Amino acid sequence: MPNQKIKVPFTGTPEQERLLREAIERHRDEKGATMPILQKAQEIYGYLPEEVQLIIAEALDLSLSEIYGVVSFYSQFSLNPMGKHVVSVCMGTACYVKGAGEILEKCEQKLGIKAGEITPDGKFSIAAVRCIGACGLAPVLTIGPDVHGRLVPAQIDGILEKYMKE
Amino acid sequence: MDTVRITINGISVDARRGSTILEAARAAGIKIPTLCFLKQVNAIGSCRICVVDVKGARNNVAACTYPVSDGMEVLTGTAEILKARKATLELILSNHRMDCLTCLRNQSCELQQLAMEFGLEHMRYVTDKSEPEIEASEMHLVRDNSKCILCRRCVAVCKHHQSVAVIGPNDRGYATHISCAFDRNLAEVPCVSDGQCIVACPTGALTEKDDTEKVWQALGDPSKHVVVGVAPSIRVTLGECFGNPVGTNVEGRMVAALNRLGFDNVFDINHTADLTVMEEGTEFTRRFEAKDRLPMITSCSPAWIRFCEKMYPEFIPNLSSCKSPQQMFGAITKTMYAKDKGIDPKDIVTVSIMPCTAKKFEIHRDNQQAVPGLADVDISITTRELARMITRAGIIFNELPEEAFNEIASTAGFIFGTTGGVMEAALRTVYEVVTGGAPESVEFLEVRGIGGIKEVNYDIGGRTVRVAAASGLASAKKLLDMIKSGEKEYDFIEMMACPGGCVNGGGQPIQSASVRNFVDLRKARAAAIYSADSKAEMRKSHENPFIKRLYEEYFDEPGSHKAHEALHTTYKAQPKYKL
């Protein structure tokens, strides 16, 4: 069965794998080696796909489940790369009470992915982020450098369509 | 014994230094409730059900992990403590799908028991789990996370005892759930179906796939001749399902119950364990003489076989080619028995009663068809499922008369049910075959006991045979790694996937932690087997008249071409992950 958590095919290069294996060798005898190795792996690949987690698990004589347990516990780790356009929906308190939940839902509907995922064409990813400090514009989202504020759900389709055409 | 003096609820008691408050209290006749704690499996002090008041401590402490110390003053049942425990239980229940009436673990559920003991008369919080969350990709197990309380007993046994670690806590906080990597199915990861997670689960989150309906259907079909075979260890565990103490041998009542359930024939798989000894013993003698693929490793435990095929494929050539006693039972029933009775093997349904959930997988393995196109064994059910059938049929088990199997097997086959037993049974026969004389004692005590790895050298006819027995897959892994590194060398190895062997199999009666924390199931159940063995007259497989007749009439001799066709099988490497 295809992996349900990761939306894009793995495109790792031999060079990336060489760097990863180097990092594993550097840290493997340390106590708690898993964390620094995972951090380095994310630096190398930009995210932590199954293929990469499996290399780490086998090298450390751990099971894939143990590695995935750590990866899914910490929000610093990502299972998907970032898309060309990152739709960051602010979930801070002000935005939240102003209906950020519906905004996020609308984005997810339009793009067919959940927060933390990437569209199969690699064009969009959605992130549910903490307060971005623009509470006056609540509810607010950013797409790359662009800020879209005082949103109502009906605007979302139009906004996203502009980026889809790019 | 090195002790410390402590007071529990105002009573002064001596407790073993290093023991926990839980153990000290139990020794003083006080039960402290537990949930996540399971002795020798999980001691993480996380569920907070066992909290007690220790004078001077900042907070309530977890009795399951907190060690006693001199002068310690412990209160286990104050109003404050009872209130704290009850609040914890209410919170645990607030995301537990309460499906008690239709749950397989109704009345054997530790959570239900606590709710009763704590006097939980109404729910302050409404549960948010309304739908089952089912994963049933494997042949042996159903997981329903809507009943999981995140105690992690399954995770601990999978990792520490079985070394496969295919399940773990995923995600974080309220989203935490027990699953495989990437929430994949168990069928995609190296689960070997030993079922130790099921017997560790305090609730109905993990249960065996219940195949009793298939048995009822076969029994109700007049065109079918249904033969049941019962594994060695079942007679020393089945009684527990009917309230008998751990380690009660109920062979007579078990046979009576099987007769009353309406099977057309009741077969003792101790016979095919004897048959396995003949085949495996012969195979070993030949391979030992020829120094061929040593160490030879036993093949009775299907979870071990799966483990070997997935994790250590380089040892596949070392596996004995013998089918397991379950499969040999099916094979001779559909060939010899069918011929003797004049029944078309297509009309025979073979049902096995097993201590094991991996047996549900084994019946579907390749190359397990003595009659081409027909599975050797059609349905494999666990001890628990048999108990369920007996209850459902209205058979009052404890009032049954003692009945006997049609033909008595040797107790060499019987001791297969515990770690070291297959080895000891084989040695009893191999010794005589090789030397032509009887060993000094029929008991090979060095391979007995619940240790994870046992090793010993025996002198057989002037030659040293180096044997080892490992139980629990973590021990198997350790042993194989030592062989790989060259640290150890053996000639003959017995592997059993479950710690302590089949008596502690994943299909055996579930005993709650309140029992398991104070009684070693492996020891108590094995003791019942060895006790019967010590009193028996026929203790060697090759003395079994049934076996002698099988060879005279059908197989000519052990290891013959005919025997190979019906009683042996093959293995092949399997991918660890199916990603």
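Visitor: What are the domains of chain A, and how do you know where they end?

Guide: Chain A is split into domain 1 (14-73) and domain 2 (85-165). The bounds come from an automatic or database domain assignment. Taken over C-alpha atoms, the centres of the two domains of chain A are 31 Å apart. This is a predicted model, in which local features need pLDDT of at least 70 and side-chain atom pairs count only at pLDDT 80 or more, while totals for chains, interfaces and linings use all residues. Residues are numbered from 1 along each chain as its sequence is written, and chains are lettered from A and ligands numbered from 1 in the order in which they are written.

Visitor: What makes up chain A in terms of helices and strands?

Guide: Chain A has 7 helices and 4 strands, where helices (H or I, at least four residues) and strands (E, at least two) are DSSP runs numbered from the N terminus. Along the sequence they come in the pattern α-α-α-α-β-α-α-β-β-β-α. The C-alpha atoms of chain A occupy a box of roughly 50 × 30 × 30 Å along the principal axes.

Visitor: Which residues does A:Ile113 contact, leaving aside its neighbours within four places in sequence?

Guide: Contact requires C-beta atoms, placed from the backbone, to lie within 7 Å. By that rule A:Ile113 touches A:Lys7, A:Glu108, A:Ile118, A:Thr119 and A:Ile126. A:Lys7 is 106 residues away from A:Ile113 in sequence, yet their C-alpha atoms are 8.9 Å apart.

Visitor: Why is helix 4 of chain A described as largely enclosed?

Guide: Of the 10 residues of this helix (residues 64-73), 7 are buried, so the rest of the structure largely encloses it. Among the buried ones are A:Leu64, A:Ile67 and A:Tyr68. The buried residues of helix 4 of chain A pack against helix 2 (34-45) and helix 3 (50-59) of chain A, and also against strand 8 (168-170) of chain B.

Visitor: How many residues of chain B are in contact with chain A?

Guide: 18 residues of chain B are in contact with 13 residues of chain A. The side of chain B that touches chain A has 11 nonpolar, 3 polar and 4 charged residues. Here Ala, Val, Leu, Ile, Met, Phe, Trp, Tyr, Cys and Pro count as nonpolar, Asp, Glu, Lys and Arg as charged, and the others, Gly among them, as polar.

Visitor: What makes the arrangement of helix 8 and helix 10 of chain B parallel or perpendicular?

Guide: The axes of helix 8 (270-289) and helix 10 (residues 325-341) of chain B come within 8 Å and cross at roughly 105°. Axes are lines fitted to C-alpha atoms, for helices over the stretch in contact, and angles run from 0 to 180 degrees between N-to-C directions. Angles under 35 degrees count as roughly parallel, over 145 as roughly antiparallel, 65 to 115 as roughly perpendicular and the rest as oblique. Helix 8 of chain B is therefore roughly perpendicular to helix 10 of chain B. Among the residues making the contact are B:Leu275 of helix 8 and B:Phe329 of helix 10.

Visitor: Why are strand 12 and strand 15 of chain B said to stand at the edges?

Guide: The open sheet has 4 strands in the order 12-11-14-15 (chain B), with parallel pairing; two strands pair if DSSP finds at least two bridges between them. Strand 12 (265-268) and strand 15 (379-382) of chain B each have a single partner strand, so one side of each lacks a neighbour in the sheet. Strand 11 (residues 225-230) and strand 14 (residues 348-354) of chain B pair in the parallel sense over 6 bridges.

Notes: Two residues are in contact if their C-beta atoms, placed from the backbone, lie within 7 Å. A residue is buried if 20 or more other C-beta atoms lie within 10 Å of its own, exposed if 12 or fewer, and partly exposed in between; C-beta atoms are placed from the backbone.
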